[in-house]
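Here is a friendly walk through one protein chain, from the overall picture down to single side chains. Please have your viewer open as you read.

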Amino acid sequence: MIDATVAARSDIAESVLGELIDAFGLGEVRESRYLADGLMNANWRLDTPAGQFALKRVTDVSLERLQRNLRVLAALAADGVPVIAPVPTASGSLVAQVGGGAWCLFPWVAGSHVRGVDLSPALVSALGAHLGRLHVSLSRACGRGLLPGVPETIIADITSPERAVGKAERLSAAVRDKGTGSDFDQAAAAALDGTLAAVLDWDRIAVRPYAEEVVRTAQVQFGVGGVFDLARVSAFVGGYRSVVPLEPSALVDGARRLWWSG
């Protein structure tokens, strides 16, 4: 039996799909396969005469922020970050507003998700270095004004236990509604198949302490069943610090921020 919420989430109305085909100039869609992974957004794999694409309906960020974040990908690609550029619409926009939703399209990337705990120590260290280089590249983009509206100081998103509990409850509700415990968001953070294939999911770029992102990634990749692979955590952090020399005190602060953010 398919959960009603999941079924509704996986359907694209024919009229909406038709508008998307026209908007992105796809000609036709031979097959549309819903990817039953992911928590906040909805994703499909499209098979078309022009090739295979990943279609995403973004629901967890504003349209303005989504458009801003997608525009920075060209700068990251020029810096050597393995990004996948979004497919523009016929009007040149990176986001199609159709059926009351915000949609973006990307070329499909071949790859597989390898759990962090299954990576060799060398690959774990390389993953940390990749994250460091990504942060450096994003910093350059900010310096060139490609991310407008970036504040000079960082304001904490979670400033009280009450807000932390509220955010945790909101995410828990999303998990219950979706009816699955998949790991797409982890896979999106690092689609690994021996080497890094691509860095996906750019709709939630924000200004946060580097250390918080390092700790969050370590938690996602190297924590299984509430148990952390500390050897791999160490290798990951070491790889990151070979690019961005974070102080130990910053990492402690990052762990505390992640704890209170839910």
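## Ground rules and overview

Contact here means heavy atoms within 4.5 Å. Among contacts in the chain between residues at least 6 apart in sequence, 68% join residues at least 24 apart. The model is predicted, so local features need pLDDT of at least 70 and side-chain atom pairs count only at pLDDT 80 or more, while totals for chains, interfaces and linings use all residues. Residues are numbered from 1 along each chain as its sequence is written, and side-chain values use heavy atoms, with hydrogens and water left out.

The chain has 10 helices and nine strands; helices (H or I, at least four residues) and strands (E, at least two) are DSSP runs, numbered from the N terminus. Of its 262 residues, 39% count as buried. Buried means under 20% relative accessible area, exposed over 50%, and partly exposed in between, with a 1.4 Å probe and protein chains only.

## The five-stranded sheet

In which order do the five strands of the open sheet lie? The order is E1-E2-E3-E5-E4, with antiparallel pairing; two strands pair if DSSP finds at least two bridges between them. Strand E1 (31-34) and strand E4 (96-98) stand at the edges with a single partner strand each, so one side of each has no neighbour in the sheet. Neighbouring strands of this sheet are turned by 30° against each other on average, direction ignored. Axes are lines fitted to C-alpha atoms, for helices over the stretch in contact, and angles run from 0 to 180 degrees between N-to-C directions.

Four bridges join E1 to E2, and the two run antiparallel; here Glu31 has Asp47 in E2 as its bridge partner. Strand E2 (residues 42-48) also pairs with strand E3 (residues 51-58), in the antiparallel sense over seven bridges. A hairpin through two residues joins E2 to E3. Across this pairing, Trp44 stands opposite Leu55 in E3, and Leu46 has Phe53 in E3 as its bridge partner. E2 is mostly covered, with five of its seven residues buried.

## Helices on the sheet

Helix H3 (residues 63-71) lies across E3, E4 and E5, running at about 15° to E5. Arg140 takes us to another helix: Arg140 sits in helix H5 and is partly exposed, with a relative accessible area of 41%. The C-alpha atoms of Arg140 and Ala75 are separated by 8.7 Å, although the two are 65 residues apart along the chain.

In H9, Arg232, Val233, Ala235, Phe236, Val237, Gly239 and Tyr240 are buried. What covers them includes helix H5 (121-143), helix H8 (210-222) and helix H10 (248-260).

The axes of H8 and H9 come within 10 Å and cross at roughly 145°. The crossing is right-handed; a crossing is left-handed if the near helix is turned anticlockwise from the far one by less than a right angle, and right-handed if clockwise. Tyr210, Val214, Thr217, Ala218 and Phe222 of H8 make the contact with Arg232, Val233, Phe236, Val237 and Tyr240 of H9.

Val252 lies in helix H10 and is partly exposed, with a relative accessible area of 41%. Val252 and Glu212 are 9.0 Å apart in space, C-alpha to C-alpha, and 40 residues apart in sequence.

## Aromatic pairs

Rings of Phe, Tyr and Trp (its six-membered ring) pair if their centres lie within 6.5 Å; planes under 30 degrees apart count as stacked, over 60 as edge-to-face and the rest as tilted. By this rule the count comes to three aromatic pairs. Phe222 and Phe236 form a tilted pair, 5.6 Å centre to centre with 55° between the planes. Phe222 lies in helix H8 and Phe236 in helix H9, so the pair ties together parts that are 14 residues apart in sequence.

How buried are these two rings' residues? Phe222 is buried, with a relative accessible area of 0%, and Phe236 also counts as buried at 0% relative accessibility. Elsewhere, ring pairs link Tyr34, Trp44 and Trp103 into a cluster.
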